Amino acid sequence: MNLLVLDAEFAVKRALNKVFREENGEVNIVTTVVMIGIAIVLAGVFKTQMKTILTNLLGTIEGAAKAKMGD
């Protein structure tokens with residue numbers, strides 16, 4: 001069992017070393033991080049507007065469901 005764990009550990013270390021040595025995806029990683037940052041900033045800026053829209057939408061759905069149920 002220990003040998004299996006050691007083999008798995010070695011395979012993970014080898015894979016991580018390969019990822020860190022290769023630089024092919026570096027630009028894609030930076031782009032992804034920037035896009036996530038922009039999404040977080042926009043979510044913070046429009047937080048109240050999104051909350052209002054979601055509250056209205058869920059209220060409308062709830063009202064329509066109650067009307068269909070006959071309550």
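The chain of this predicted model has an average pLDDT of 83, and 86% of its residues score at least 70; pLDDT is the predictor's confidence in each residue, from 0 to 100. Confidence is lowest in helix H1 (residues 2-21), with a mean of 76, and highest in H3, with 92. Helices are DSSP runs (H or I, at least four residues), numbered from the N terminus. Local features need pLDDT of at least 70 and side-chain atom pairs count only at pLDDT 80 or more, whereas totals for chains, interfaces and linings use all residues. Residues are numbered from 1 along each chain as its sequence is written, and side-chain values use heavy atoms, leaving out hydrogens and water.

Helix H2 (residues 26-45) contributes seven residues, the largest share, to a nonpolar patch. This surface patch covers about 810 Å² and includes Val-30, Ile-38, Leu-42, Phe-46 and Met-50. Such a patch consists of residues with over 30% relative accessible area and no salt bridge, with nonpolar side chains (Val, Leu, Ile, Met, Phe, Trp, Tyr) joined within 5 Å; areas come from the Shrake-Rupley method with a 1.4 Å probe, and for residues only the protein chains shown count as cover. Val-34 lies in helix H2 and is partly exposed at 45% relative accessibility, a class between buried (under 20%) and exposed (over 50%).

The structure has one salt bridge, a side-chain nitrogen of Lys or Arg within 4 Å of a carboxyl oxygen of Asp or Glu. It joins Lys-66 to Glu-62 at 3.3 Å, N to O. These two residues are about one helical turn apart, because they stand four residues from each other in helix H3 (residues 47-69). Lys-66 is partly exposed, at 43% relative accessible area, and Glu-62 is partly exposed at 44%.

How values were computed:
Buried means under 20% relative accessible area, exposed over 50%, partly exposed in between (1.4 Å probe, protein chains only). Patches are made of residues with over 30% relative accessible area and no salt bridge: like charges are joined within 9 Å, nonpolar side chains (Val, Leu, Ile, Met, Phe, Trp, Tyr) within 5 Å.
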